[in-house]
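Subject: Structure handover

Hi,

Here is the structure I promised to pass on. Please open it alongside this note.

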Amino acid sequence: MLKIAYHPIYKHPLPEGHRFPMEKYDLLPQQLLYDGTCTPENFFEPEIPNNKYFFSVHDPEYFFELLNITLSQKAARKIGFPLSEVLIEREMVIADGTMKASKFALENGIAMNIAGGTHHAFSNRGEAFCMLNDQAIGAKYMQSKGFVDKILIVDLDVHQGNGTAEIFKNDNSVFTFSMHGKSNYPFQKEISDLDIALENNTKDDEYLFILKETLPKLIQQEKPNFIYYLCGVDVIETDKLGKLGLTVEGCRSRDRFVLQTCFDNKIPVMCSMGGGYSKEINIIVNAHANTFRLAQDIYF
């Protein structure tokens with residue numbers, strides 16, 4: 001069965017007019033239930049995990065400043081959300097969802113988190129709606145338990161996974177691959193193990209050609225026994241914060257190729273949703289829902 005991490009805390013109240021589409025975290029599971037992609041049994045509710053799992057990735061000083069809401073004004077401003085105890089709890093619960101989904105992926109071939117993809121969280125700071133790096137935390141959790149050794153992170157959000165790149169820059173056991181918009185945030189990029197920076201308005205055919213040329217070779221080269229897939233839908237041409245030119249169908253073809261490649265190579269994959277900022281919320285929800293539909297089609 002496809003197991004999906006979801007908690008009501010994922011939809012966090014924000015000031016009116018805030019550009020982050022927090023409502024998608026309620027609408028997406030509702031859509032999956034409505035169209036019959038999932039049943040209530042597919043979902044599990046994560047919790048606040050032990051702090052020790054955060055310390056494998058994040059500096060304790062930063063973590064406790066976050067926990068106690070004692071970050072400097074400048075550091076808090078970079079995160080982009082009004083900080084609160086509930087917001088930090090939300091971030092911790094999301095990380096637990098990714099850790100637990102990673103174990104389910106090991107058992108079932110794939111598992112997913114309705115939220116996550118917080119790849120702008122560095123070891124010692126947060127940025128751009130990201131405070132704790134859920135996939136990095138999941139990766140070190142899986143390795144610490146002896147479940148896997150070599151991990152490949154496939155980050156196809158429109159924005160470079162700069163926090164993830166920094167966290168694993170000296171860690172050969174985790175290979176970071178980011179394919180993103182060249183002129184998108186972050187404007188000062190970090191160095192992933194492999195970065196592919198795409199020109200503005202890159203369309204479906206070019207995007208998919210590059211991905212299909214790259215991912216199988218990476219798998220052959222690195223021989224990972226676990227993959228984290230960050231499947232942001234901000235690559236779509238209607239996205240307010242992205243500059244690429246994919247259609248919703250092109251984004252769906254991207255997901256199909258990645259998931260089918262993982263399935264064919266028998267490599268467990270854990271998916272975090274990442275970004276999506278199209279003006280119309282139904283575009284975001286449908287594009288995210290496609291990833292879950294494909295998971296069901298390919299694996300179950």
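Below is what turned up, starting with the helices.

Please keep in mind that this is a predicted model.

Helix 5

Helix 5 covers residues 85-108. Its 24 residues should span 34 Å at 1.5 Å a residue, and its end C-alpha atoms are 34 Å apart, so the two values agree. Just after helix 5 comes Gly109, with a positive phi of about 95 degrees.

Helix 5 also packs against helix 6, residues 134-144. Their axes come within 8 Å and cross at roughly 50 degrees. That angle makes helix 5 oblique to helix 6. The crossing is right-handed. On the helix 5 side, the contact uses Ile94, Ala95, Thr98, Met99, Ser102, Lys103 and Leu106. Helix 6 brings Asp134, Gln135, Ile137, Gly138, Tyr141 and Met142. By class, this contact has seven nonpolar, four polar and two charged residues.

Helices 9 and 10

The second pair is helix 9 (residues 248-264) and helix 10 (residues 281-299). Their axes lie 9 Å apart, at an angle of about 30 degrees. Angles under 35 degrees count as roughly parallel, so helix 9 is roughly parallel to helix 10. Here too, the crossing is right-handed. Helix 9 contributes Val248, Arg252, Asp255, Arg256, Leu259, Gln260, Cys262 and Phe263. From helix 10 come residues including Ile283, Asn286, Asn290, Leu294 and Tyr299. The whole contact counts nine nonpolar, four polar and four charged residues.

Salt bridges

How many salt bridges does a search of the whole structure find? There are 12.

Backbone points to check

Most residues other than glycine have a negative phi, and most peptide bonds are trans. Two places depart from that.

- Phe129 has a positive phi, near 70 degrees. Phe129 lies in the loop between strand 3 (110-113) and helix 6.
- The peptide bond from Tyr185 to Pro186 is cis, with omega near -5 degrees. Pro186 is in the loop between strand 5 (174-181) and strand 6 (194-198).

Best wishes

Conventions: Residues numbered from 1 in each chain as written. Predicted model: local features only at pLDDT ≥ 70, side-chain atom pairs only at ≥ 80, totals over all residues. Heavy atoms only, no water. Axes fitted to C-alpha atoms, helices over the stretch in contact; angles between N-to-C directions. Helix = DSSP H or I, 4+ residues; strand = E, 2+ residues; numbered from the N terminus. Parallel < 35°, antiparallel > 145°, perpendicular 65-115°, else oblique. Left-handed = near helix turned anticlockwise from the far one by under 90°. Contact = heavy atoms within 4.5 Å. Nonpolar A, V, L, I, M, F, W, Y, C, P; charged D, E, K, R; others polar. Expected span 1.5 Å × (residues − 1). Salt bridge = Lys/Arg side-chain N within 4 Å of Asp/Glu carboxyl O.
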